[in-house]
Amino acid sequence: MDNPVFQASLAVFLIMLVGCVLRHFRWLAPEADRTLLNLSVNFLYPCLIFSKIFRTDLSAHFSSLWLFPVCGFTVIIIGIFFSWIFTIFPAVVTGLHNKAQRRTFIACVSMINYGFLPIPLIMQLYPENDELLTLLFVFNLGLEFALWTCVVPLMAGGLERGWWKKLFRIPLLAILFAVTANFLGFSHYISGGMMTALDMLGMSQIPLALIMIGAIIYDELAGNFRSVRRRDTVKIIIGTLLVRAAILPLCMILLACCLPDYPWLQKIIVIQAAMPCATTPIMFARMYEGASDVAVRTVLVSSVASLVTVVFWVSWGMWMIGSPLLA
């Protein structure tokens, strides 16, 4: 298939498959996970943020920049609402038998993969467009805020003490600092050599993060594959596809159609609408006594299905907002 969206998505998932293979042969040991994740999230990802935001002129978006994180937060609330509606049906329909499973389903299905997949997808579809990627980072601020104020408390059964401290994560601070520096003109004082170094470091974050995602999914599949009854697994898969791959993308694209004066925001919403479940709730399910087996199934089925659904939703969504796919 020559569709550019399919080719870009396939490349992303092939790198995740590499992570599975490396873990299977123990070339990537579990003992290295924490170090590599910290390196990816707390150093290489900020380098990518700086390299893209410093190269972009945000002055044209000054008056509307607030709308990007607001819309990011809104799409997660929409996801929580429709995921919750599915869980109120009886267990014979949903395959979810207890509160932990229901909380986990809502948290996983409502949280989209807003960084590790859309970033390489946008970079492949729009290779010369740093502005779109920069605005994606701003949009992601709303998603991060929703993650720590809505999704994680759902998984944990309530807000834990000191939850607000989680908002001050290095990637969030990097986005806020880089955007502020951009408006103040500080980016003009960064040398060409430093920008090249940031570019090289930032680009290395993407394959490393995808490989780590593949390794984590492999671990969960190997450890929890048989822990849910087959009938319940089928019901959870159907529920995940219904909400994450059908209802929520449609709602998000309709939201994008309501914002004709903000074409950049429309494109970001359309691309994010096609994304599968985020992988981070798998780790939160471990931390907060959620149902990690349910988390793995929702993430895995939505990720596999997205090889097809991403092509459809991005292509149809761009047509709905009247934007050529590669413009």
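Mentor: Start with a term: contact means heavy atoms within 4.5 Å. This is a predicted model, so local features need pLDDT of at least 70, side-chain atom pairs count only at pLDDT 80 or more, and totals for chains, interfaces and linings use all residues. Residues are numbered from 1 along each chain as its sequence is written, and side-chain values use heavy atoms, with hydrogens and water left out.

Trainee: OK. What is Phe13 in contact with, leaving aside its neighbours within four places in sequence?

Mentor: Phe13 is in contact with Leu117, Ser303, Ser306 and Leu307. Phe13 and Leu307 are 294 residues apart in sequence and 8.2 Å apart in space, C-alpha to C-alpha.

Trainee: Which helix does Phe13 lie in?

Mentor: Helix 1, residues 4-24. Helices here are DSSP runs of H or I with at least four residues, numbered from the N terminus.

Trainee: Is Phe13 buried or exposed?

Mentor: Buried, with a relative accessible area of 14%. Buried means under 20% relative accessible area, exposed over 50%, partly exposed in between, with a 1.4 Å probe and protein chains only.

Trainee: Switching topic. Which residues touch the most other members of the largest nonpolar core?

Mentor: Ile76, Ile119, Phe137 and Phe139, out of 90 residues in that core. A nonpolar core is a set of buried Ala, Val, Leu, Ile, Met, Phe, Trp, Tyr and Cys residues joined through side-chain atoms within 4.5 Å. Helix 7 (residues 130-156) gives the most to this core, 16 residues. Apart from it lies another core of nine residues, including Phe86, Phe105, Val109 and Val243.

Trainee: What is Ile76 in contact with, beyond four places in sequence?

Mentor: Ser110, Met111, Ile112, Leu143, Ala146 and Val151.

Trainee: What does Thr240 touch, not counting residues up to four places away?

Mentor: Thr240 touches Cys277, along with Phe105, Val109, Ala245, Thr298, Val301 and Ser302. Thr240 lies in helix 10 (residues 230-257). Its relative accessible area is 0%, so Thr240 is buried.

Trainee: Last topic. What volume does the largest pocket have?

Mentor: About 1,000 Å³. On a 1 Å grid over the protein atoms alone, a pocket is an open set of points where a 1.4 Å probe fits, with protein on both sides within 12 Å along at least five of seven lines; lining residues have an atom within 4 Å of a point. Grid points are joined across faces, edges and corners, and a volume is the space filled by probe spheres set on the points.

Conventions: Helix = DSSP H or I, 4+ residues; strand = E, 2+ residues; numbered from the N terminus.
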